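Please read them with the coordinates open.

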Amino acid sequence: MKVAFFVTCLADHYFADAAADAVRLLRHLGCEVGFPPGQTCCGQPAYNAGRTREALRMAEHTLDVLAGADAVVLPSGSCATMVKKFYPRLAGEGVSRATALSERTWDLAEFIVRRLGVTRLGDGLSGRRVAVHQGCHALRELRLETEPATLLEGAGAEVVPWDAQEECCGFGGLFSVKMTAVSAAMADRKLETLPDVDWVVSGDGGCVLHLDGRSRARGDAIEFVHLATALWRGVN
Amino acid sequence: MSAGGESSRERILARVARAAASRGRLSHPGALATPAADPVAGFVKCFTSSGGEVVKADRGRPANEWLTDFLQALEPGVVGVAVGPEVPAGLRPRLPDVAAAHAGAGISVAWGAVSESGSLILPSTGTRAVQLLPPVHVVWVPEGRVFARMEDALRELLDGLPAAVGLHSGPSKSADIGRTVVTGVHGPGRCMVVFI
Amino acid sequence: MVRDYAARSREIIRDEPGVREAVTGATIAFDEKRRKGYAEVDADAWRRWAEGVKNHTLTHLDHYLTEAEARLQANGAQVHWAADAAEAREIVIGLATRRAVASVVKGKSMVTEEIDLNPALEEAGIEVIETDLGEYVLQLLEEPPSHILGPALHKSLRQVQDLFAERLNTAPDGDPDTLARAAREVLRNAFIDADMGITGANFLVAETGTVALIENEGNIRLTTSLPRVHVAVVGIEKLLPRMTDLAGFLQLTARAATGQPIGCFVSLIQGPAAEPGDDGPEEVHVVLVDNGRTDVLAHEHAWEALRCVRCGACLNACPVYRQTGGHAYGHVYSGPIGSVLDPGLLGLHDAMPLPFASSLCGACEDACPVRIPIPELLLEWRKEAQDEGLTPWKERAALAGLASVATRPGLYRLAGRIGSRLGARGAGRALPMLGEWARDRALPKPSPRTFRQLWRKGIE
């Protein structure tokens, strides 16, 4: 299957190795991965801030760039949600184009489980205890309630229950810099309830930057691993 | 009503009508289908899980004698009672009538009960003070008057609706202090049902 | 009230850590009960039904308001219309003065908080006593409620113990039962002495003119039964068409609020006592309050927020609310629903920055019994705030800049390279937002090479 990889801004700059692992994983699962070079930002920062016109411009650009793709995969639940769920709301006249793209766009974990039908990856993570942080968009918009944990377990990991598993970490894009004290307190709640694990795994780079930044500021020693990297290590 | 009130009424209604007209009037979805459980068993389950008590009368004895002994055996024993005017002589305990504010127990007969919510239906003609002020409320419930669903009960209640109706579904409770549930905060701390 | 959410929330988190602890504990407990309460029924079907009934009612509100008015009058109750808070206060004080009311008992009501009724009554020389246990605690502390359902849930047991020891002479370590008993004694006398009872309403049924009130303590039943005058202050959005609709709403609201099948006490009030045996009030007044609701109703999107039944489920589900409780929001309606209602009721300018006081996580929408799309409505208000220039210019400029760059791939790649070269610290100086980020967090570490660079080299 041909897959257009949409790397997203944060993964490009902060999780480049994880994004490369996502490419490796997709190839390992038999996909032919391409990288449309004109891709930029999906527009989510503007959309969440209420800057609809700017968000629409970025959405239209992305729709152009991804026009020919059979399937688009993003290593970010949040940006995948932007393309899948919010483009059709934004698109106005271009709504049919946005809806068509929506149906071909997948978050990485969603693609592997729901499109490829794969849940067993290997046993590279056996003996490893992990906690999963689900980004809210992946959880409540894409309803990926079990997929990341299923894949991690399918790679041999022990997924440890986390009291605050389904709670927002407080990132929220612009929210994390506008309401920074509340945002940090929300991260604290996640960190305070974290069980004893080797890794915290998440498919959302924004959440990880925020949780990791907060945990380092607190002096915690928690290892955050992007889902793509965790799964690729699970294969081997 | 003052002239100001009159004009506010017209203004509010005009603004409401304008908003409704611009949006289009949406239709009512019809009835909500909730499952109908076995009336009495469902009521007992729901009412007791909310902290209500269901007491079995000794049917071998006259009801009023049984109730008298039952109330006296409570801790603390009931001395004076407040009895609603709807309670027939055969269901009134042989204890002194006192003002509701000083009674150890209030005695009522329910108009009916609802199984799905575990609720007693108490019309205001049963004297509200009797239903609310004593620390213990004993309610006679005719078994044939337990409705499976709230909707059925309220529909039947429409004929001859009294000035007020209380639905009581357990004892008075609050968790406002330290998140600990306490009972008998304002209303009765014990709500007891006896089927007749 | 302080209306700078960002600063106020920071203060509460820093200076009153007990609030975060108490609110988090209480709301998580409420939320778990709500989930259990929903799981016992076909909650999705109930919620869709309730959404439909409310949408129907709101788009026929003129019809149902006049029907309710006619029924209430036929039942012997009196109906008053208040365009705004001042008129509502005037009506209630007028009634109290005419009936020579010296003392009022109140059931917990958000709308009377909204119209600032208590200070006005006190100014008129009338004693006002809040009878909900949590509200009573707050009245003694002279604090506004922090939560729709548990107004004092931000207070610890210790704080109530200290308060009651000082004011009600209870033992310094009195347990909740002892404290509640002490309050009951004071309030029982207040009920018996009061000339007027004032409540809000959960619902007003048009078909019968029924004011419906849900509670657990019994104080509302007493407030509407013992004093000779009962005044119900009712927002015009509280209408329901028929009693059969009420049957569903009583149960759904209770499940959403506390997970209970129904509140321990429900009062259904049609009018003043008329029949023998009824010891209820001689007069019943219903004050129908607009106070911005018709503005919300006319709003293209925000009107959906008028479906709200004030159950508090969205507050309980909200991880943002949990950090501070309601006071940080600076308005009577706090939490997710407050952030979408307040801009409509008060005007967006006065409610800023509440539409931004959310991470848009969506937990509120999943909890809402009438399926109000809160995250979408927050976005609509954000859009209006941007269009009206109510957000900081730096933020607007940054997002406009992002769009310009992101629609030109060459420029986007160049900006990325510059950003990487500057490193996080350098970019922090260039982007003021990163300075805010760094107040509470370590700066992010950029990858040594971007994905684009890795891709060009070839990924193996």
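1. Chain C has a mean pLDDT of 95, and 97% of its residues reach 70 or more; pLDDT is the predictor's confidence in each residue, from 0 to 100. For the complex the predictor gives an ipTM of 0.97 and a pTM of 0.96. This is a predicted model, in which local features need pLDDT of at least 70 and side-chain atom pairs count only at pLDDT 80 or more, while totals for chains, interfaces and linings use all residues. Residues are numbered from 1 along each chain as its sequence is written, and chains are lettered from A and ligands numbered from 1 in the order in which they are written.

2. Domains of chain C. The assignment gives domain 1 (1-40 + 307-391), domain 2 (41-291) and domain 3 (393-457); such bounds come from an automatic or database domain assignment. The C-alpha centres of domain 1 and domain 2 of chain C are 23 Å apart. Between these two domains, 28 residues of domain 1 of chain C are in contact with 31 residues of domain 2 of chain C, where contact means that the C-beta atoms, placed from the backbone, lie within 7 Å. On the domain 1 side, helix H2 (17-39) and helix H14 (313-317) of chain C each supply at least two residues. Helices (H or I, at least four residues) and strands (E, at least two) are DSSP runs, numbered from the N terminus. H2(C) provides the largest share of that side, eleven residues. By class, the side of domain 1 of chain C that touches domain 2 of chain C has 15 nonpolar, six polar and seven charged residues. In this count Ala, Val, Leu, Ile, Met, Phe, Trp, Tyr, Cys and Pro are nonpolar, Asp, Glu, Lys and Arg are charged, and the others, Gly among them, are polar.

3. Parallel strands in chain C. Strand E2 (residues 103-106) of chain C runs parallel to strand E3 (residues 127-130) of chain C, joined by four bridges; two strands pair if DSSP finds at least two bridges between them. Lys106(C) has Glu130(C) as its bridge partner in E3(C). E2(C) also pairs in the parallel sense with strand E4 (residues 196-199) of chain C, over three bridges. In that pairing Val105(C) stands opposite Gly197(C) of E4(C).

4. Chains B and C. Here 76 residues of chain C are in contact with 66 residues of chain B. Which strands pair between chain B and chain C? Strand E8 (residues 164-168) of chain B and strand E9 (residues 265-269) of chain C do, in the antiparallel sense and over five bridges. His168(B) is opposite Phe265(C) of E9(C).

5. Chains A and C. In this interface 54 residues of chain A are in contact with 54 residues of chain C. On the chain A side, the elements giving two or more residues include H1, H2, H3, helix H4 (52-65), helix H8 (136-141) and helix H11 (180-192) of chain A. H11(A) makes the largest contribution to that side, with seven residues. The chain A side comprises 28 nonpolar, 13 polar and 13 charged residues.

6. Domains of chain A. The assignment gives domain 1 (2-115) and domain 2 (129-235). Their centres, taken over C-alpha atoms, are separated by 21 Å. Across the boundary, 30 residues of domain 1 of chain A are in contact with 24 residues of domain 2 of chain A. H2(A) gives the most to the domain 1 side, with eight residues. That side has 16 nonpolar, seven polar and seven charged residues.

7. The sheet of chain A. Four strands form an open, parallel sheet in the order E6-E5-E7-E8 (chain A). Strand E6 (158-159) and strand E8 (224-226) of chain A are the edge strands, each pairing on one side only. Strand E7 (residues 199-202) of chain A is joined to E8(A) by three bridges, and Ser202(A) has His226(A) as its bridge partner in E8(A). Helix H12 (residues 205-218) of chain A packs on the sheet, touching strand E5 (129-133), E7 and E8 of chain A, with its direction at about 170 degrees to that of E8(A). Axes are lines fitted to C-alpha atoms, for helices over the stretch in contact, and angles run from 0 to 180 degrees between N-to-C directions. Helix H13 (residues 227-235) of chain A lies across E5, E7 and E8 of chain A, at about 80 degrees to E8(A).
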